[in-house]
Amino acid sequence: MKVKKAVFPVAGLGTRFLPATKSSPKEMLPLIDKPLVQYVVEEAVASGIEQILFVTGRGKRAIEDHFDISIELESHLEEQGKLATLKAIREIAEMLDIFYVRQKKALGLGHAILCAKDFVGNEPFAVLLGDDIIDSKRPCLRQLLDVFEERAGSVLALEKVPLENISSYGCVKADRLSERVFQVEDMVEKPKREEAPSDMAIIGRYVLTPRIFGILEQQEPGKGGEIQLTDAILKLSKEESVYGCLFEGLRHDCGDKLGFLKATVDMALKRSEFKVEFERYLHQRLAQ
């Protein structure tokens, strides 16, 4: 089956970016001239996704407004003759069909995915986390979907990370099937370095079969008293094949302040209107 739907869990409080996120969603933090969440939605669209569901919480209204039509703003831009900007604004609301549901209690990523059950129905679906901005020639999600269409099983995005950082991630033990495709045998959520089964971390892109919902409904809370998606996927791997895809591309962890700063620099250097002057500025600063 073709994957046409994607779920965006965006109900988190964004505490690592306080006070900036006290009244504005973390997903709306601007990376150059677009909010973080727009980069991820654009990745979904470029991968062939047709419908998305935002799993939101209190204080996330700005996300809904961003992807909605703004009559007043569009009229103003048209009157000012700013037609290129007007076109870009209209494209945001026209990218694909967008739906919303509230996660009323912060019970973890697994619970957020469970909130999407009615939207997804009995179809495979994608999950994209807005913290991870992935710069790649071929969209990261599209790479996962290629594996799904070939293997007909759930797929996790994998990235090799230094073992000293592995305790910040879910981690897999897996058999290599090809250069970048693995069959998952075991998973551990945020293991200690000495307990990690590998240096391959699960990052914020998934393609899942609908069987995950039945597992999540029976899932007991794990670490932190939350319903862990990793625990549910591990159970899923005992019932059907689950694969990992070591994606090609550069991931920016924008849920971390330093990662956000690095993303800003890297993305700015890719923009022709900034590159020369910004490089000159960076060299001057480093020379001081």
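**Helix packing and burial in a predicted model**

Tutor: In this predicted model, helix 3 (residues 71-79) packs against helix 4 (residues 83-94) at an angle of about 160°, and their axes are 8 Å apart.

Student: Why is helix 3 called roughly antiparallel to helix 4?

Tutor: Set the angle of about 160° against the cut-off: angles over 145 degrees count as roughly antiparallel. So helix 3 is roughly antiparallel to helix 4. The crossing of helix 3 past helix 4 is left-handed.

Student: Which residues make the contact?

Tutor: Helix 3 brings Leu73, Glu74, Leu77 and Glu78, while helix 4 brings Thr85, Leu86, Ile89 and Arg90. Sorted by class, that contact of helix 3 with helix 4 has four nonpolar, one polar and three charged residues.

Student: OK, on to helix 1. What makes helix 1 (residues 36-46) count as largely enclosed?

Tutor: Burial means under 20% relative accessible area, and eight of the eleven residues of helix 1 are buried, so helix 1 is largely enclosed by the rest of the structure. The buried ones are Leu36, Val37, Gln38, Tyr39, Val40, Val41, Glu43 and Ala44. Just after helix 1, Gly48 has a positive phi of about 100°.

Student: And how do you know whether Ile166 is buried or exposed?

Tutor: The relative accessibility of Ile166 is 0%, and the buried cut-off is under 20%, so Ile166 counts as buried. Ile166 sits in the loop between strand 8 (154-160) and strand 9 (170-176).

Student: What does Ile166 touch?

Tutor: Leaving out residues up to four places away in sequence, the partners of Ile166 include Val161, Cys171, Lys190, Pro191 and Arg193.

Note on methods: Residues are numbered from 1 along each chain as its sequence is written. This is a predicted model: local features need pLDDT of at least 70, side-chain atom pairs count only at pLDDT 80 or more; totals for chains, interfaces and linings use all residues. Side-chain values use heavy atoms; hydrogens and water are left out. Axes are lines fitted to C-alpha atoms, for helices over the stretch in contact, and angles run from 0 to 180 degrees between N-to-C directions. Helices (H or I, at least four residues) and strands (E, at least two) are DSSP runs, numbered from the N terminus. Angles under 35 degrees count as roughly parallel, over 145 as roughly antiparallel, 65 to 115 as roughly perpendicular and the rest as oblique. A crossing is left-handed if the near helix is turned anticlockwise from the far one by less than a right angle, and right-handed if clockwise. Contact means heavy atoms within 4.5 Å. Ala, Val, Leu, Ile, Met, Phe, Trp, Tyr, Cys and Pro count as nonpolar, Asp, Glu, Lys and Arg as charged, and the others, Gly among them, as polar. Buried means under 20% relative accessible area, exposed over 50%, partly exposed in between (1.4 Å probe, protein chains only).
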